[in-house]
Amino acid sequence: MNGLLKVIVLVIVVSAVSCQDFSEEQRKKIIENRQKCIEETKVKPELIEKADQGEFTDDAALKCFTKCFYQKAGFVNDDGEVQIDVVKAKLPPEADKEKALAIVEDCKIKGKDACETVYLIHKCYFEHTHPDLNKKEGDEKNEKSEKSEKSEKSEKKEEKKE
């Protein structure tokens, strides 16, 4: 749950500023909306937890959960279009508004339907607001790829010897 709250903060702020605290009322609303969207979309909660950590699964229920959650927050409409006026209104005073709105512009992505559109927007926000996490994941993938290539070369050398 705590991971989801952090992501929600980042989505609301749409910037690297993630220290924003929620009031008890806001916290309750986030939890309520999350639970309603889980029930409505039948998403597996572990997929949400993985997405909170940057592991985005290509799952229809997760995509629709994302749309549901953003829609309940007022950030998107039924068609998955970002409601920029709502985003601007919900930016906290300490947020770098120019940077936040630039991220909103960068993340205007259109999917095959409203669920996919909002999912892709959310994923884009995450990537913009968690560059270190994305870099680490990329580094791990590169290491695995390099090890795989070395292993293949080694196997080919062994085959030539025989």
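Of the chain's 162 residues, 38% count as buried, meaning under 20% relative accessible area, with exposed set at over 50% and partly exposed in between (1.4 Å probe, protein chains only). The model is a predicted one, where local features need pLDDT of at least 70, side-chain atom pairs count only at pLDDT 80 or more, and totals for chains, interfaces and linings use all residues. Residues are numbered from 1 along each chain as its sequence is written, and side-chain values use heavy atoms, leaving out hydrogens and water.

The chain has 8 helices and 0 strands, where helices (H or I, at least four residues) and strands (E, at least two) are DSSP runs numbered from the N terminus. Contacts here mean heavy atoms within 4.5 Å. Among those between residues at least 6 apart in sequence, 55% join residues at least 24 apart.

Now for the disulfides, pairs of cysteine sulfur atoms within 2.5 Å. There are 3 of them, and with the bonded cysteines numbered in sequence order they pair up as 1-3, 2-5, 4-6.

| Disulfide | S to S | S-S torsion |
|---|---|---|
| Cysteine 37 and cysteine 68 | 2.1 Å | about -80 degrees |
| Cysteine 64 and cysteine 115 | 2.2 Å | about 105 degrees |
| Cysteine 107 and cysteine 124 | 2.1 Å | about -75 degrees |

Take cysteine 37 and cysteine 68: with its torsion of about -80 degrees, this disulfide is left-handed. Cysteine 37 sits in helix 2 (residues 24–41) and cysteine 68 in helix 4, so the bond ties together parts 31 residues apart in sequence. Cysteine 37 is buried at 0% relative accessibility, and cysteine 68 is buried at 8%.

The disulfide of cysteine 64 and cysteine 115 is right-handed. It links helix 4 to helix 7, with the two cysteines 51 residues apart. Cysteine 64 is partly exposed at 29% relative accessibility, while cysteine 115 is buried at 15%.

Cysteine 107 and cysteine 124 make a left-handed disulfide. Cysteine 107 lies in the loop between helix 6 (97–106) and helix 7, and cysteine 124 in helix 7, so parts 17 residues apart in sequence are tied together. Both ends are buried: cysteine 107 at 0% and cysteine 124 at 8%.

Helix 4 (residues 60–73) and helix 7 (residues 114–129) also pack against each other, at an angle of about 80 degrees with their axes 7 Å apart. That makes helix 4 roughly perpendicular to helix 7. The contact includes Cys64 and Tyr70 of helix 4, and Cys115 and Tyr119 of helix 7.

Conventions. Axes fitted to C-alpha atoms, helices over the stretch in contact; angles between N-to-C directions. Parallel < 35°, antiparallel > 145°, perpendicular 65-115°, else oblique.
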